[in-house]
Amino acid sequence: MIYLDYSATTPVSYDVLESYNKACKEFIGNPNSLHSLGVKSKKLIQEATKQISDLFNVLDSEIIYTSGATESNNMALIGVALANIKKGNHIIVSKLEHPSIYKICEYLETLGFEISYVNNDNEGLIDFDDLKRKIRPETILVSICAVNSEIGIRQPLKMIRQIIRKESTSCLLHSDMTQGLGKIPINFHDVDLASCSMHKIYGPKGIGILYKNSYVNICPLIYGSSKESTLRPGTPPVPLIASAAKSIRLAVQDLDRRETFIKRLNEKITKELKTYDGILINQTKYSIPHILNISLKNIKAETFIHAMEEYEIYLGTNTACASGEFSTSVMAIFNDKKRASSTIRISLSYLTTTDEINRFLSHFKTVYNKLNALVAN
Ligand code: PMP
């Protein structure tokens, strides 16, 4: 098997699984219980949270556990919107966000919030002048992803925050950092709120975090009884939280060395795929090397992906593309509907080997020639 869909999800690392198993076996108490087993579990959560907050140099209370980035994004956008309803009803997002952000925006529109979409240039970089123009006194939140999930465009969040601060003292910045964590250095201090998901960094599915600076007020989205968290009540998932700390600790190590290696693999693939007439490389100078997006001019992405699967090669596509729509990210940058209608995402990891890439390229050629011949006839 050659797995090249690491941006969709990653396999759980052995060490993380060990933490998970240990917590399941040895920490059986409910952290909300008063007895010693409960206290033991509660302490494990506190230790895990301390490890995470130390890594990001933030307060323990600024880390909120969620089920993943979709929930973190909901908590951030809806939570901020509801808490600031008297201050304003305007929210700005980029055109390069994950679909979960757009779905939340659609919901917020039904509640009377107004959503603006900030432009980007043809390299994918946020248009700072457009952002400045769009910020109004009633703008309560800007949400811009750290790294775009389809083309891997990386945004300069620190600069974006400075621009927002100049225009408004009360407007908050949220960033969906799901595709950034474990790939690039992440600084929570660049933003007011940030979403992350552990299954993208070799952790288990079902656990994410929301970083929320202590001065930010948000309304809870779920209600219940809990001593541990008023924003996410219920029994905390102790083993998942222990694994989250382990995943993050492992993910933020060695970023430079891993990136150098992945960049070499990316360059190898790009160099070869550029020789195909029917392929366009959707990369700009702001793309990180872990994500390589291509457009197929004559072949449907879905058909191509299934054909590659016959060789046990697993690639990603945009779900909208697979259902006959187009990739919003490719559209936002290249403004070409045809180019955006059949895209494939090849996502790489430090676990990917040169041998895998050689075999991938060889099978790619076979599948491409076969399907292209069918289209031509
Ligand atoms: N945001 C981004 C940028 C993502 O890539 C993803 C996962 N595809 C999500 C949010 C949703 O994450 P989760 O699966 O943890 O809900």
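I looked up T66 first: T66 is buried, with a relative accessible area of 1%. Buried here means under 20% relative accessible area, exposed means over 50%, and partly exposed lies in between (1.4 Å probe, protein chains only). I note that this is a predicted model, where local features need pLDDT of at least 70, side-chain atom pairs count only at pLDDT 80 or more, and totals for chains, interfaces and linings use all residues. Residues are numbered from 1 along each chain as its sequence is written, and side-chain values use heavy atoms, with hydrogens and water left out.

**Entry: T66**

I place T66 in strand β2 (residues 63–66). Helices (H or I, at least four residues) and strands (E, at least two) are DSSP runs, numbered from the N terminus. I then listed what T66 touches, not counting residues up to four places away in sequence: E71, S72, M75, G206, I207, G208, I209, L210 and R232. Contact means heavy atoms within 4.5 Å. A polar atom of the T66 side chain lies 3.1 Å from the backbone oxygen of G68. I counted a polar contact as a pair of N or O atoms within 3.5 Å; within protein, one must be able to donate a hydrogen and the other to accept it, and residues adjacent in sequence count only if both atoms are side-chain atoms.

**Entry: ligand**

G68 turns up again in the ligand shell. Around the ligand I find G68, A69, T70, N73, H98, S149, D176, T178, Q179, S197, H199 and K200. By class, I get one nonpolar, nine polar and two charged residues. The classes: Ala, Val, Leu, Ile, Met, Phe, Trp, Tyr, Cys and Pro are nonpolar, Asp, Glu, Lys and Arg are charged, and the others, Gly among them, are polar.

Next I checked N and O pairs. A ligand oxygen is 2.6 Å from an N or O atom in the T70 side chain. A ligand nitrogen is 3.2 Å from an N or O atom in the side chain of H98. For the H199 side chain, an N or O atom is 2.9 Å from an oxygen of the ligand. Taken alone the ligand exposes 400 Å², and the protein buries 84% of that. Accessible areas come from the Shrake-Rupley method with a 1.4 Å probe; for residues, only the protein chains shown count as cover.

**Entry: salt bridges**

I took a salt bridge as a side-chain nitrogen of Lys or Arg within 4 Å of a carboxyl oxygen of Asp or Glu. How many are there by this rule? I count 14 salt bridges.

D5 and R345 form one, at 3.6 Å, N to O. D5 lies in the loop between β1 (2–3) and α1 (14–26) and R345 in strand β13 (residues 343–347), so the pair ties together parts 340 residues apart in sequence. Both D5 and R345 are buried.

D130 pairs with R133, the closest N and O atoms being 3.5 Å apart. Both lie in helix α5 (residues 128–134), three residues apart, about one turn of the helix.

E267 and K263 meet at 3.5 Å, N to O. I find both in helix α8 (residues 255–273), four residues apart. E267 is partly exposed at 43%, and K263 is partly exposed at 43%.

Last, I noted a salt-bridge network linking E114, R136 and E138.

Note on methods:
Near = heavy atom within 4 Å.
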